[in-house]
Amino acid sequence: METLIQAFIFPGLLYVLLWTVGLFWFFRKFMAPLHKRVGPYFNGPAGSYQTLFDLSKLLTKESITPHGVNPYLFSMMPLLAVITAMLPAAFIPWTEHLPVVVTSYGLLALIVLIGIEPFLLFLTGFGSNNKYSFLGGIRVLTQAISMETAFFLAALSPALLFGTMNLSIIVEQSSWLSFLILLPGFLLYFIALLGLLEQPPFNIPDAEQEIVYGFYTEYSGTNYFLLKLAEFAEFMAVFAGAVTLFLGGYKGILFDGYTFLFIKMLLIAVVMMTIRAATPRITLKQMLSFSWRYLVPISLLNVAWIMMAKILFFGGV
Amino acid sequence: MEKIKTLLEQFETEYVEDYKKIWIKTKLSSSNDLLAVAAALKKEGLRSLSTVSPTDFPEREVMELNYFFEDLRTKRNLWLKCDIPRALEQCEIESLTPLFPSASWHEREAYSMFGVRFLNHPDLRPIIVSEDFVGKTPFRKDFDWEKHEKDVTNNIQMIVDAFKNEQANNEINLDSESSETVLNWGPTHPASGPIRLRIHTDGEDVISVDPDIGYVWRALEYLVTKKDFVGAIVAVERLCFMDNINSMVGYSMAVEEIAGTKITPFAKWMRVLLGETARMSSHFMGLGGFFNNLGLHTLFMWNMDIREYFLDFLESYSGARIATAAIEPGGVRYGLDMTMLDELQKALNKFDNGIDDIYTIFVKNPTMKMRSYDVGILSTEEVEIYGLSGIVARGSGVETDIRIDEPYAAYDEVDMKYITQKDGSAYDRFVMLFEELKQSVKIIKQAKKRIEDGVASGEFNPTKDHMVKVPKKLPKGEAISRVEWARGEVLMHLVTEEKAKSPYRLKLRAPSFNHTMMLDHLLKGQTLSDIPLVFCSLYFCQGYLDR
């Protein structure tokens, strides 16, 4: 029974759905004043039903499979993408008692599951039999390879500092001191996160002015809904990962709990949206040179800094 | 000017006469001299060929070709005519494209519309017209439009078949060993608008670009000949909605010249006022569109916010926000209620409040600079030989602006200077748009003050002075008019017959035409990411491209 609740309600399916609907609405409503617009307005309080209606509309629309594609590859990939994106939720310590899967390799599971996602998206582009989708798929892959190196190195820094891959222990041991030590690692993680989640200025794989909608181009109806769900579940996994690894997870000021984790995740979302509203996209070449010339070397330096800090502040244990 | 005249003396001409202040009008006795004359003109410094405009005279069995040569440096212009036989088999003339690259597409247009064959043209394919019009010369006076329209199912089938055939053979025609493919960028693409670029790419690298235009071809040049002189303005303004006022001003000036009407100073100032408002409405879209193509929509939204106030003014004056139909031969269409200027003041205040933010956040944006300072670079040389104009020419440092070179309306009394940038990159063209917005506001303020002073002193009567009657029937004549349209120089060539009720021929020279020609040159060797950036920095309008 408990497993069922965890799989379907929290932190499983229903939670992911609610998160998607809520975050989608929050993105829209937050972007609107930056654009000097109103945003969703008519449906529900402050337009909050709008996303719900949009998603249910997508579910009822015809899901078109184009000619000349492998229908299994084409329709399987969105489903696999959703499942892969939702799995990390099982390893995140949402509260003191709730990582669903208790393991001492939580961090490894997290970064591996986040790392698989781009390859699935590449396969959606590859399987669409469309030049734009294919270019989008190639771009996803290029970007993932360049950004994941920095992402993994940054995500490893708390593990190195605390000497464990157990996410619960990492949260428990975190303090203001460890936060400061991990700050450069957090910044690197955040930049790599923008690249991994295809957010501006790294929204190169679905640059609509260049390659229409990248790997999404041929998708419609339910399949498109699933891909969008995967994207937002991925947001959740990566944000929660950032909070758990660097910002002390569920730890709060007066009491501990899920509320603080949620607020911290929203804060990351707000920063991401603000960057989105103020920064144009860069080109693939600029992204590559940025990643390999600056981001990866600095991540390596950061690892060195963590080792040094461990000896200085934690006595090398 | 004298130099050009002495130069023309070497050739047999029917007449050489001064026309307006900075034009010479001449007609060659024999079309065989054309190439020699053009070569001599190029040597003399008239290096831009503005357009080629054929006029069809079935009674005289003659196709009259009009060439408009311009010198952007010294502002000397030449209007050269010559006759060639009209019959399709003999309707041919030497191409000027090898001498003047800017002629290329204009000659292709004359070939598609009038069936004039240009010998030695490097790439004489039909342009603008869809497959069902190929080889049918739709703008000749004897073309049977009704018969063509009756066969509509077949026509559409032809277009569909041709497109499917092209798509099926795209990759077959290429080298099967290479990784080159053909990418359709448009006509239904988030950033293209109704134009298609056939892009040959190798992965992300662009090998060549071949623009395919004509998706919004409305045959406006033919349409105006079916309307009376006032009714034609609705066709003329539909060239491009973004700045419709200035295209109507150009047309009205040509009609007034043939009719011999002088419009009142009040109407002239109104044309300046409305024209600059429309220019701003276009530039706001251009600025926002530039950032849109970099994937950032914020500036576009902010601009729309300010632009709405300027459209409010247009609405209070003409009743319409976009398609205003506010300029007519003889002046401006409506009288001015002085309270309308309050709307304008509101817009100006809104602009003054918002423009600094736009400058700090967007014009100085480092990411945008990083992307655009080294792409789409046009040299001064290229601007001249390709006949570019407007912000594209001024972005490369060429001082050309019809408002100053050949002042129309009340621009001779307006205090304004050339605004230029140095490097001619996409970034410079973006800054040009921004600087011109500020310039337009300055001009609007001058015009507003002048009108208010004029009304206060009793010099202008805002309810009566706006219009001078232009006769319904015009004498036989011919005129050209040039205006500085938001996106470049517009040249209109109007021909009328005796006791004409409607134009006999109206040639609309689109600046966007020349700018689109540059795409292949600018994008070769760049990557896919640069396409939208260069595309929108050239600031063209698909409506004006196709007409």
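**Figure 1. Surroundings of A:Ala155 in the predicted model.** Leaving aside residues up to four places away in sequence, A:Ala155 touches A:Leu107, A:Ile111, A:Tyr189 and A:Leu245. The model shown here and in the following views is predicted. A:Ala155 belongs to helix H6 of chain A, which covers residues 131–162. There are 27 other C-beta atoms within 10 Å of A:Ala155, and 20 or more count as buried, so A:Ala155 is buried. A:Phe246 is 91 residues away from A:Ala155 along the chain, yet the C-alpha atoms of the two are separated by 8.8 Å.

**Figure 2. Chain A as a whole.** Chain A is built with 12 helices and zero strands. Its radius of gyration is 20 Å, close to the 20 Å that the globule rule gives for 317 residues, so chain A is as compact as a globular protein of that length. The C-alpha trace of chain A spans about 65 × 45 × 40 Å along its principal axes. Buried residues make up 45% of the 317 residues of chain A. Of the contacts in chain A between residues at least 6 apart in sequence, 77% join residues at least 24 apart.

**Figure 3. The side of chain A that touches chain B.** In this region 23 residues of chain A are in contact with 26 residues of chain B. Three elements of chain A give two or more residues to this side: helix H9 (208–211), helix H11 (258–278) and helix H12 (284–314). H9(A) gives the most, with four residues. Sorted by class, the side of chain A that touches chain B holds 11 nonpolar, five polar and seven charged residues.

**Figure 4. The five-stranded sheet of chain B.** Five strands of chain B form an open sheet in the order E1-E2-E5-E4-E3, and the pairing is mixed. E1 and strand E3 (48–57) of chain B are the edge strands, each pairing on one side only. On average, neighbouring strands of this sheet are turned by 15° against each other, direction ignored. In general, strands of a sheet pair through backbone hydrogen bonds, either parallel or antiparallel. E2(B) and E5(B) run parallel and are joined by five bridges.

**Figure 5. The hairpin of E1(B) and E2(B).** Strand E1 (residues 13–19) and strand E2 (residues 23–28) of chain B pair in the antiparallel sense over six bridges. B:Glu17 has B:Lys25 of E2(B) as its bridge partner. Three residues lie between the strands of this hairpin, and B:Lys20 takes a positive phi near 50°. E1(B) is hardly covered, as the count of buried residues among its seven residues is zero.

**Figure 6. Helix H2(B) against the sheet.** Helix H2 of chain B covers residues 34–44, and its buried residues are B:Leu34, B:Val37, B:Ala38 and B:Leu41. These four cover an arc of only 95° around the axis, which puts them on the same side of H2(B). The buried residues of H2(B) are covered by elements including E2, strand E4 (62–70), strand E5 (77–85) and strand E6 (92–94) of chain B. H2(B) lies across E2, E4 and E5 of chain B and runs at about 170° to E5(B). Just after H2(B) comes B:Gly45, which takes a positive phi of about 120°.

**Figure 7. The three-stranded sheet of chain B.** Three strands of chain B form an open sheet in the order E8-E9-E10, with antiparallel pairing. The edge strands, which pair on one side only, are strand E8 (180–185) and strand E10 (205–212) of chain B. From one strand to the next the twist averages 20°. E8(B) pairs with strand E9 (residues 196–202) of chain B in the antiparallel sense over six bridges. B:Trp185 stands opposite B:Leu197 in E9(B).

**Figure 8. B:Pro366 in helix H12(B).** B:Pro366 lies in helix H12 of chain B, which covers residues 366–372. There are 9 C-beta neighbours inside 10 Å of B:Pro366, and 12 or fewer count as exposed, so B:Pro366 is exposed. B:Val209 is 157 residues away from B:Pro366 along the chain, and the C-alpha atoms of the two are separated by 29 Å.

Notes
Residues are numbered from 1 along each chain as its sequence is written. Chains are lettered from A and ligands numbered from 1 in the order in which they are written. This is a predicted model: local features need pLDDT of at least 70, side-chain atom pairs count only at pLDDT 80 or more; totals for chains, interfaces and linings use all residues. The radius of gyration is taken over C-alpha atoms; the globule rule is 2.2 Å times the number of residues to the power 0.38. Two residues are in contact if their C-beta atoms, placed from the backbone, lie within 7 Å. Ala, Val, Leu, Ile, Met, Phe, Trp, Tyr, Cys and Pro count as nonpolar, Asp, Glu, Lys and Arg as charged, and the others, Gly among them, as polar. Two strands pair if DSSP finds at least two bridges between them. Axes are lines fitted to C-alpha atoms, for helices over the stretch in contact, and angles run from 0 to 180 degrees between N-to-C directions. The arc is that of the directions from the helix axis to the C-beta atoms.
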